[in-house]
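Subject: Structure for you to look at

Hello,

Here is the structure I said I would pass on. My notes on what was found follow below it.

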Amino acid sequence: MASQRPRSTASSKGKDKKNGAASSIENLAETAPPSDIFPMVLTSATQELFECRADEDVTGDSPYKLLRKEDIVQDMKTRAAVSDFSPIKQVVLDYPEDEMLLVFDRDFTYGQSFYLVLTVEAKERLLRPPELENEEAEEDDSEDYAIPTTPVPQPWVSLGSDREIEDETFTDSRPRLKYKISRIRREFGAPVIFSDRNAVETKDGFMECASYQDKTFSLKEMERGCGTQAIPDVISASTQTQWTYPKNMCTQYEPREFSEEDKENCLQSENLKNFVKSVAVRFELAIQQNEIMDVFFDDWAALSEEDAAFGGKADTYMKEYQSFTDLHHSKERTISHINWHPTIPGVIVAAMTERLSFEERICGSSKLVLNPSLILFWSFSDPINPQLMLECPDDVFSFEFCPSDPNIIVGGCMNGQVVLWDISAHVDRLRGTRGGGGKSMSNNTVVLQGFEDKLESETPVVRYCAVSGIDAGHKAPITDIQWLPEGFEVSRTGIPIENKAGTCVQIVTCAPDCCVMFWDIRVPWTGGQPLEEKKQKTDERPLDNPHGVPNMFKHLDLSWKPLMKVSLPKIDSSGEYSPLKFCLRHNTSDSQVATVYAERSDIPDYSLLRVPSAKNLKPLEDICTKFYVGTEDGELIYTDWKMEKDNDSGRLFSPKPSHRYIIHDGLVNTVRRSPFFEDIILTVGGWTFAIWKEGVMVSPIILSHCSQTRCTKGCWSGSRPGVFFIGKEDGSIEVWDLLEKTHEPSQVQNITTFQITSIKPWIISSKQHLLAVSDHFGTLHILEIPWTLRSPSSNEKQSISKYFDKEVDRLIYVEKRREVRAKEKEEAEAEDLKRRMQPVAQEKSLEQMEEEAQKEYEAYLAMEKVIMKDMGLAED
Amino acid sequence: MAEVEETLKRIQCQKGVQGIIIANAEGIPIKTTLDNASTVQYAGLIHQLLMKARSTVRDIDPQNDLTFLRIRSKKNEIMIAPDKDYFLIVIQNPSE
């Protein structure tokens, strides 16, 4: 019986929560398995029957109605097909329980207003859950329901750690102070004026925070973090080894060498021959490559040396560096010889002589005695006053410093005497430690006028310490004087022997009295017993020295005799040559002009030196005893100073010179060796100069043309092998550079208006080369040599030597040609002579000549005929 | 023997040649134109250098071998030609 209940159209939305919750649960349960429920429509009749009328019995609030199963079956039986329950008849019959649930579905969830729950579980479910909910709500509180929820934070319980944190926190103990600093507006941007103020001066200018020991900071370290590492045990131990004694060990070895036999064997072997043959080719290639061109030669670097003319022409001129004239002593005097001091830089010495001719000298000889001749020492520091003056007995024409002891100076006088000076007492003055002349003013702080020490401001005059005997010396003015180098000395016979003393002890002089003399500055060997000598010494008590002269050469004074006299007999005639200048061969390595003389700390006491007996010392073989001499007549002589023994009388005499050359037109005033080449000599005389090579006896290798003015002096340059200077009569200096021009000087520079009397170059430093030039007026000019003239170009020495060799070859060739020509000439003459000697042919008469001519003509005609006939031209 | 002499003389006469040394493979000089001390020194030192040079060349390329070694110094040039059993040293001054 299906009771149709109209669906309640009243949409009662307002469900209470419980029902809503229940219905929502129901809905959930029902929508899932709709098979448990059967939506149906119940007619009103059914509804009345079962007392489930809509909105009366069952409402929204209580939608459940339990119907008895039997009633439903009854209904079905009664109304069979019309029953609402007919579609589910079977299910109803199968339904296990008695009561079935009918639910009023107000909302039409399943499409009908009612539905019947078909299964028991669904019924239970529908009926129970709402009840269950009510029941469960009470039970939940008591049960320990394990639902995972986030833990609720508990309030913090202090266990004492917050105290430490509170201690450590940093809180302001007082509110922070704030300062506001402001300025007047008009002062903004105003210019600021700063001034210094010393903080110390004003009171409270500064607040000092001095440091002090604060006890609070001496903390005791309670805790310290450090790392540790475990290591194995460490033991320090030492031992001592036994070292009995030190012993030097050395090994001597020699290289393995083959014996002679082995060498021979090797050389003979075939193997070696092949090897050498094969290898020689490679070598020749390589060697020739080297010969052709030097691949490693740096052209770029070498270029710079040749590019000498950096400055303009002005740079090649010699600039005047300084000039010295003495007001008192240079008047009417001329300088005859100059020399640079060998050790003290900047000191130059000039010998002043009277500028008078011979006649004038004789006339004014009395006056000359009153004015002694002097040698002046000039220093660059003082151009007005000379530093030192040496007194000479007479005019000195030549003087030299001793090479081994620069304090000894020897000079040759006009009267033929040889003079010795010793300036060791005044060396300090020369060096400038005391300051000479007017300079001493600056040294003294307090100078009283008129009370100055006169000696200091005046130049000291040094008297000569020894002078040779007037009889024993030369009879003519000594024109050249030189020291023998210290390597050897010369005995009485002229044989060079070993010089044990090691210092220069011998002097060579020459004068126009036709002899060259050798002098020795030591005490002559008298041959007496040693007792005598000792006695002599004790007798010589230190005498009063009125002139303040050192006693070193007392033994020589006034008794000095030459060791040896070398005369120069003429070669082809009787008589002798009169030497003016000579030049010895350099027999030691350094005799150059610019060499620094060895300054000896132990100056030998010359008075103790004795001329040794000639027998004891061995003669030196390799010393060349030949030398060149230039004479008054313009000749150059090559001679030997060794004395020869005349077999007949046993006397010693000088041999004749080996060679003589007449070259110059006047006096030979210079004979100088080149400082770079041992065998090249420059001679100057008259209007020409010549360069000679020792060994080439034919002629000079270079002979200059006659110049316009006389050549008065010449000297080699100290730094460039091919350069030399010639001084002229008109006061100009010619600079000759053999590599540049050989027919004329490369440069002529006029120094002064007077004749040049002496030229000497000197090297002060690598940047400064000076040339000292003295003129006839008595002025000493110092010129600075420019860079072009003082720096040698690369290979200059080689080039010059090659040039000289070429010249020598030329001379040899010329000689040969001369011989050839001479021979030819002879032959030509001989022929000429022979021809003349032949008998004179008969003079033919005129007729005979005509006959002969006629005969010839006829012979010619005949010949012509024959030829023509042969040629077929003539008619026969 | 004469041939060897002749060849050596030819080399010696070239310009600038200062000395010639023939040494065996161990560096013992056999023939020389210099004095004994210099010869021994040259032979010993150059032998070591030669070994080094040769081993260098052969290490780089084992098919290769050293044929000539030239040492150019400031003053002169030393030329060395090695062989299996001997080597020849020539000292020349090229700038003369």
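In chain A, 65% of the contacts between residues at least 6 apart in sequence join residues at least 24 apart, a contact being heavy atoms within 4.5 Å. This is a predicted model, in which local features need pLDDT of at least 70 and side-chain atom pairs count only at pLDDT 80 or more, while totals for chains, interfaces and linings use all residues. Residues are numbered from 1 along each chain as its sequence is written, chains are lettered from A and ligands numbered from 1 in the order in which they are written, and side-chain values use heavy atoms, with hydrogens and water left out.

Chain A has 18 helices and 37 strands, taken as DSSP runs numbered from the N terminus (helices H or I, at least four residues; strands E, at least two). Of its 876 residues, 39% are buried, that is, under 20% relative accessible area with a 1.4 Å probe, protein chains only.

Next, the contact between the chains. Chain A contributes 29 residues and chain B 36. The buried area is about 3,100 Å², with 63% of it from carbon and sulfur atoms; this is the accessible area (1.4 Å probe) that two parts lose on being put together, summed over both. On the chain A side, Phe275(A), Phe283(A) and Asn290(A) lose the most area to chain B, together 20% of what that side buries. The interface has 4 salt bridges, each a side-chain nitrogen of Lys or Arg within 4 Å of a carboxyl oxygen of Asp or Glu. Glu284(A) and Arg10(B) form a salt bridge, with their closest N and O atoms 2.7 Å apart.

The largest nonpolar core has 24 residues, and Phe275(A), Phe283(A), Ile11(B), Leu88(B) and Val90(B) are those with the most contacts inside it. A nonpolar core here is a set of buried Ala, Val, Leu, Ile, Met, Phe, Trp, Tyr and Cys residues joined through side-chain atoms within 4.5 Å. Elements giving two or more residues to this core include α7 (260-268) of chain A and α1 (2-12) of chain B; α8(A) gives the most, with 8 residues. Leaving out residues up to four places away in sequence, Ile11(B) touches residues of both chains, among them Ala280(A), Ile287(A), Val17(B) and Ile20(B). A second, separate core of 22 residues includes Val349(A), Phe377(A), Leu430(A) and Tyr464(A).

Lastly, the cysteines. The whole structure has 0 disulfides, with a disulfide taken as two cysteine sulfur atoms within 2.5 Å. For Cys510(A), the nearest cysteine sulfur is that of Cys515(A), 9.2 Å away. Cys510(A) is buried, at 0% relative accessible area.

Regards

Notes:
Buried means under 20% relative accessible area, exposed over 50%, partly exposed in between (1.4 Å probe, protein chains only).
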